[in-house]
Amino acid sequence: MRIIHAKNYDDMSRKAANIISAQVILKPDSVLGLATGTTPIGAYQQLIAWHQKGDVSFAEVSTYNLDEYRGLKHDEPQSYHYFMNEQFFSSIDIKPAHTHVPDGSNPDAEAACAEYDRLVEAAGYPDLQLLGIGNNGHIGFNEPDSVFSKGTHCVDLTESTIEANSRLFNSPDEVPRQAYTMGVQTIMQARSILVIASGSNKAQAVFDMCKGPVTPACPASILQLHPHAIVVADEDALSLF
Ligand code: GLP
């Protein structure tokens, strides 16, 4: 794993955006795996700014997001469909039909997940997968477990994730208890992986991801086995190194 030190959140965001834009400039029809959460917002804003200056185009890019809450419709503000449109897609030149997020509005978990796996496989898996990391080491919504997950599947969210993500809802009671997420095996199919992390609340998870044993108790630790995994983290997130 290659670890790149950033000074702070803004520096992390610019470095991540540089890596993503280099990928798209070198291969305009890149398949990007994208992430939600607070962490990538700065990188998306930087990419939007460069796009508006004419430095990078997403016209031929296609994207596959990691995950979505089960039970939220695409136009509900807390859904990851909505988030991606608001934070990124509506401000760049990507074709809406080229953007993909698991269909949380489909109550048939098996069908929704199988369809998403089919789409990601047909696209040939991401050239570059962007990842945030949960406080407990989760990637996508792959929570700590006794085994690594494989394809897209429905998960029960842990109390710690519900609590952490409740800041984006009116109350913890409104946070959906389940989500559809790409599996760890699917995430590992990406040709390269870029993990971003900022803040002291991520320090333990970042340390365990990079230096701890490879174990499903910290799902992100499997990235140690990926041949092209880069971590861009700020000083606070790297404070345990
Ligand atoms: C959610 C998402 C993850 C994200 C994590 C961390 O659980 N499913 O993809 O990495 O939150 O989010 P944040 O960046 O807001 O800390």
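Strand 4 and strand 8 (residues 178-181) pair in the antiparallel sense over three bridges. Strands here are DSSP runs of E of at least two residues, helices are runs of H or I of at least four, and both are numbered from the N terminus; two strands count as paired if DSSP finds at least two bridges between them. The model is a predicted one, in which local features need pLDDT of at least 70 and side-chain atom pairs count only at pLDDT 80 or more, while totals for chains, interfaces and linings use all residues. Residues are numbered from 1 along each chain as its sequence is written, and side-chain values use heavy atoms, with hydrogens and water left out.

The two strands belong to an open sheet of three strands, in the order 4-8-7, with antiparallel pairing. Strand 4 (67-69) and strand 7 (153-156) are its edges, each pairing on one side only.

Is Tyr 69 buried or exposed? Tyr 69 has a relative accessible area of 1%, so it is buried; buried means under 20%, exposed over 50%, and partly exposed in between, with a 1.4 Å probe and protein chains only.

A pair of aromatic rings is described by the distance of the centres and the angle of the planes. Rings of Phe, Tyr and Trp (its six-membered ring) pair if their centres lie within 6.5 Å; planes under 30 degrees apart count as stacked, over 60 as edge-to-face and the rest as tilted. The count by this rule is nine aromatic pairs. In one of them, the ring centres of Tyr 69 and Phe 169 are 5.5 Å apart and the planes stand at 85°, so the pair is edge-to-face. Because Tyr 69 lies in strand 4 and Phe 169 in the loop between helix 5 and strand 8, the pair ties together parts 100 residues apart in sequence. Phe 169 is buried as well, at 8% relative accessibility.

Phe 207 and Phe 241 form another edge-to-face pair, with 5.6 Å centre to centre and 80° between the planes. Phe 207 lies in helix 7 (residues 203-211) and Phe 241 in the segment after strand 10 (229-234), so this pair ties together parts that are 34 residues apart in sequence. Phe 207 is partly exposed, with a relative accessible area of 27%, and Phe 241 is partly exposed at 38%. Elsewhere, Tyr 44, Phe 58, Phe 88 and Phe 89 form one aromatic cluster.
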